[in-house]
Amino acid sequence: MVQEYQSPVSVYKHPFELIMAAYVRRFPTCPLVPVVEDCNVLSESQSEDGSILVTVRRCTVSADMPQLIKKMTGVGYLYFIQKNTLNRRERSMHIEVTNESFSKSLVVHEVCDYTVHPENEDWTCFEQAATLDIKKFFGFERTVEKFAMKQYTMYLEKGKEIIEYYLKEMAEEGITSMPGWSPPPLASPVATAMVPQLPLSTATSVPSANGAGQEGDCCAHGVTGLLSQ
């Protein structure tokens, strides 16, 4: 049996970049969704120009299910894999969530999209769709189906509240706007030609106050910048 859910389109009257800044604040945990115990980043990759960032997380969720089913399965936590693809150039975010727990018994597939409003570039649209395919679940297929759809509807309503919660938090911190993405500047060929090229054997690093070379500092800033996106 397969259940499908399609949410109506929600509209935030805020720019996409500000919504994304609010969205990332919900990780690794959010006080409004206490059943989410943790979200660990499994991998993170970025395109060469920095326009696309792909983040994969493993989310640990408290098994908020009927006691009888919880007792029979002996499961206290459920695990989900979330893949977020942020396209800064196109100003869009595509999210896919699948279940890792009970993957042979049931399949949860959720797709969410944040996009720019077609009629106002300073507004952001959000839509969400999900399918639940229960193959076999200890004879409790119908019970699990009803419970899962009820929970899904509840969390869908909570989603907008979470974004608004962090938008308010940011406003209290004085953050009411975020810069849009722009491609990195190209190196000037004239300026590059004027820089003398030293042989590799004579290249040196300039020590900093703590004795580390500048090369190490640049690497550290690069990693920090990527993780802070």
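What pLDDT does the chain average, and what share of the residues score at least 70? This is a predicted model, and the chain averages a pLDDT of 79, with 70% of the residues scoring at least 70. Helix 1, residues 16-23, has the highest confidence in the chain, with a mean of 97. At the other end of the scale is helix 5, residues 214-227, where confidence is lowest, at a mean of 32. Over residues 191-229, pLDDT stays under 50, and for these residues the model has 14 contacts beyond four places in sequence. Where pLDDT is low, the predicted coordinates should not be read in detail.

Now turn to the inside of the protein. The largest nonpolar core has 32 residues. Those that touch the most other members are I19, M20, Y23, M93, I95, Y114 and I163. Which element gives the largest share of this core? Helix 1 does, with seven residues. At least two residues each come from helix 1, strand 4, strand 5, strand 6, strand 7 and helix 3.

Next, look for pairs of charged side chains. How many salt bridges does the structure hold? There are five. One of them joins the side chains of R25 and E173, at 2.8 Å from N to O. This pair links distant parts of the chain, 148 residues apart. R25 sits in the loop between helix 1 and strand 3 (36-46), while E173 is in the loop between helix 3 (141-172) and helix 4 (189-194). R25 is partly exposed, with a relative accessible area of 26%, and E173 also counts as partly exposed, at 47%. There is a further partner to find here: R25, E169 and E173 are linked in a network of salt bridges.

Another salt bridge is formed by D49 and R89, whose closest N and O atoms are 2.7 Å apart. D49 lies in the loop between strand 3 and strand 4 (52-62), and R89 lies in the loop between strand 5 (77-87) and strand 6 (92-99), so the pair ties together parts that are 40 residues apart in sequence. D49 has a relative accessible area of 25%, so it is partly exposed, and R89 is partly exposed at 47%.

A further pair to locate is R58 and E100, which form a salt bridge with their closest N and O atoms 2.6 Å apart. R58 belongs to strand 4, and E100 to the loop between strand 6 and strand 7 (106-117), so this link spans parts 42 residues apart. R58 is partly exposed, with a relative accessible area of 29%, and E100 is partly exposed at 35%.

Finally, visit N99 in strand 6. Is N99 buried or exposed? N99 is buried, because its relative accessible area is 10%, and buried means under 20%. Its side chain reaches the backbone oxygen of S101 at 2.8 Å. A polar atom of the N99 side chain also lies 3.0 Å from the backbone oxygen of L106. Not counting residues up to four places away in sequence, N99 touches Y79, F80, L106, V107 and V108.

How values were computed
Residues numbered from 1 in each chain as written. Predicted model: local features only at pLDDT ≥ 70, side-chain atom pairs only at ≥ 80, totals over all residues. Heavy atoms only, no water. pLDDT = per-residue confidence, 0-100. Helix = DSSP H or I, 4+ residues; strand = E, 2+ residues; numbered from the N terminus. Contact = heavy atoms within 4.5 Å. Salt bridge = Lys/Arg side-chain N within 4 Å of Asp/Glu carboxyl O. Buried < 20%, exposed > 50% of the residue type's maximum accessible area, 1.4 Å probe, protein only. Polar contact = N/O pair within 3.5 Å; in protein donor to acceptor, adjacent residues only side chain to side chain. Core = buried A, V, L, I, M, F, W, Y, C linked by side-chain atoms within 4.5 Å.
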